[in-house]
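Please look through the sequence and the structure shown here, and then follow the explanation below, which moves from one part of the chain to another.

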Amino acid sequence: MSISMGAKTSIILRLKLEKELVSFGKIASIISEVGGDIIAIDVIQEGKTFTIRDITVNITDYGLGDRLVSIVKEISGVHVINVSDRTFLMHLGGKIETVPKMPIKNRDDLSRVYTPEVARVCKAIQEKSSRAHSLTIKRNTVAVVSDGSAVLGLGNIGPEAAMPVMEGKAMLFKQLAGVDAFPICLATQDTEEIIRIVKALAPTFGGINLEDIASPKCFEIEQRLSQELDIPVFHDDQHGTAVVALAGLINAVKLVGKDLADCKVVVCGIGAAGIACTKMLLAAGVRDVIGVDREGAIVATRRYENSFWNWYAAHTNPRRLEGSLSEVIKGADIFIGVSGPGVLKVEDIQSMAPDPIVFAMANPVPEIAPDQAEPYVRVMATGRSDYPNQINNVLCFPGIFRGALDCRASKITEEMKLAAAQAIASVVSDEELSEQYIIPSVFNSRVVEKVREAVIEAAYQSGVARRDRRSTQKEMAKGIAAKENAFSFSM
Ligand SMILES: NC(=O)c1ccc[n+]([C@@H]2O[C@H](COP(=O)([O-])OP(=O)(O)OC[C@H]3O[C@@H](n4cnc5c(N)ncnc54)[C@H](O)[C@@H]3O)[C@@H](O)[C@H]2O)c1
Ligand SMILES: O=C(O)C[C@H](O)C(=O)O
Ligand SMILES: [Mg+2]
């Protein structure tokens, strides 16, 4: 199946053109004929008989990139020196680095940040370990931990291959919420070992963001770590996704004039994200949720090896519908896809109730391509940044951890998640709400601010905030931007 990887994907062709044999105009028209869109031309070197140029071309799929290169290679007088992909260029050497907050300018500075003066700080923390929150990076640092077992929708691609995603999450934590985050990819996929390692790492961190760990082991890992650690542990693929999906649904049903509680919802992909989305929907009052995985609808008349599916069957599908996605989606108001590419067909959407809402959230390739679905849906959303309505956990994790760190929460509670969903939804005003805008952009700075405020309030309400309110309020007054270099000291 060919689904576009996004109009903004581009390649840069470095070409040496022999002036006698070929003109740049000829190359440009061939590239356009094949379907490439030239967006920039840079002259790298101009000789008497040749010219070297970098041609940046937008392509709609990677196959087109390959075709383009092989056609250009065949043109007489053209030498392809190099083909670079802008996405790969952005990954060279990784995407993040550690930067000291202050320079060490002289011997005096050296003796304070390092031996011997640093020892006094160590001893202060030894006397009272909670001082680590004010005197070390713990205060503002989250570990982004993965074992590489369920990376995006790519499956078990291992810890090295998971790193680019985890680095990306760390960038987003910092840029959007001023949270320092370290990607940590583990060379183990064993539940007990992951728990042991994360517990051993915990003294360094103010929070643990578990990422792309396959279900069902992700449930036990998160639950045990939450119980055994005194810092927030949050499995982003479960709760970040559920929070943002609920936020999108609150606005989507408002737009189409339905009540969420009366909607028939089909969730496809009953793994980490699917189970968490369902729990959140049930908590929000939805009564008719049907879960579908590879073998069809999950139903209480069957017993499953996966104990979480037995729980799922007992709490969903009240009419005990059986069968494939195409069978159970008939008459549904909402489709939530957290499964894999191309699972949903146009005919399935056509069989849904009027004004269908489709959240095709599998990454990087959704359950149905938006251009295919759009003529038949009222509201369409994906997890990707290159289409309108991006339902992606990036709208949640930066703000929820910002809030949790600021009030020094020991946990992230259900109340905090619900508050985050409502806060995200509230960023879109009634006047702004439209089919193309049910969820705010990742770049809307009000998202993190609103989530942070709502999460802090909910943390105090649920009794997990450990900082006195006045200190938290002072922290909040600084704003997110000030977080970058913030340093205040309280013992
Ligand atoms: N947009 C977002 O914010 C967001 C967040 C989390 C996950 N996701 C996406 O959701 C998907 C699942 O992520 P996860 O962490 O829950 O993974 P997971 O491995 O825990 O669960 C995936 C589930 O989907 C099922 N599945 C796969 N292909 C299917 C198909 N063709 N038909 C029916 N069921 C199918 C699997 O059997 C499994 O139960 C991934 O594509 C991921 O990228 C998106
Ligand atoms: O990484 C993303 O874009 C969202 C989500 O965490 C996923 O696994 O797909
Ligand atoms: Mg993920």
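In this predicted model, glutamate 211 sits in the loop that joins β7, residues 207–210, to α9, residues 217–228. Is this residue buried or exposed? Because a residue counts as buried once 20 or more other C-beta atoms lie within 10 Å of its own, and glutamate 211 has 28 such neighbours, it falls into the buried class. When neighbours within four places in sequence are left aside, the contacts of glutamate 211 are Val144, Val145, Ser146, Met166, Lys169, Asp236 and Asp237.

Beyond the residues up to four places away in sequence, aspartate 237 touches Glu211, Asp212, Ala272 and Ala273. Glu211, Asp212 and Asp237 are listed together by UniProt, in an unreviewed entry, under "binding site". They are spread over 27 residues of sequence, yet they cluster in space, with a largest C-alpha distance of 6.5 Å.

From here the reader can turn to ligand 1. It has 27 residues around it, and those that come nearest are Gly153, Gly269, Gly271, Asn363 and Gly383. The elements that give two or more residues to this shell are α10, residues 236–256, and α11, residues 272–283, and α11 contributes the largest share, which is three residues. Sorted by class, the shell holds twelve nonpolar, twelve polar and three charged residues.

Another part of the model is built around a sheet. In general, the strands of a sheet pair through backbone hydrogen bonds, and this pairing can be either parallel or antiparallel. Here four strands form an open sheet in the order β2-β3-β1-β4, with antiparallel pairing. Because β2 (37–46) and β4 (78–85) stand at the edges and have a single partner strand each, one side of each is left without a neighbour in the sheet. From one strand to the next, the twist averages 20°.

Within this sheet, β1, residues 10–18, pairs with β4 in the antiparallel sense over seven bridges, and arginine 14 stands opposite asparagine 82 in β4. Helix α1, residues 24–34, packs on the sheet and touches β1, β2, β3 (50–58) and β4, while its direction makes about 150° with that of β1. Helix α2, residues 62–73, lies across β1, β3 and β4 and runs at about 160° to β4.

Conventions:
Residues are numbered from 1 along each chain as its sequence is written. Chains are lettered from A and ligands numbered from 1 in the order in which they are written. This is a predicted model: local features need pLDDT of at least 70, side-chain atom pairs count only at pLDDT 80 or more; totals for chains, interfaces and linings use all residues. A residue is near a molecule or strand if its C-beta atom, placed from the backbone, lies within 6 Å of it. Ala, Val, Leu, Ile, Met, Phe, Trp, Tyr, Cys and Pro count as nonpolar, Asp, Glu, Lys and Arg as charged, and the others, Gly among them, as polar. Two strands pair if DSSP finds at least two bridges between them. Axes are lines fitted to C-alpha atoms, for helices over the stretch in contact, and angles run from 0 to 180 degrees between N-to-C directions. Two residues are in contact if their C-beta atoms, placed from the backbone, lie within 7 Å. UniProt positions are given in the numbering used here, feature names are shortened, and annotations may be inferred rather than shown by experiment. A residue is buried if 20 or more other C-beta atoms lie within 10 Å of its own, exposed if 12 or fewer, and partly exposed in between; C-beta atoms are placed from the backbone.
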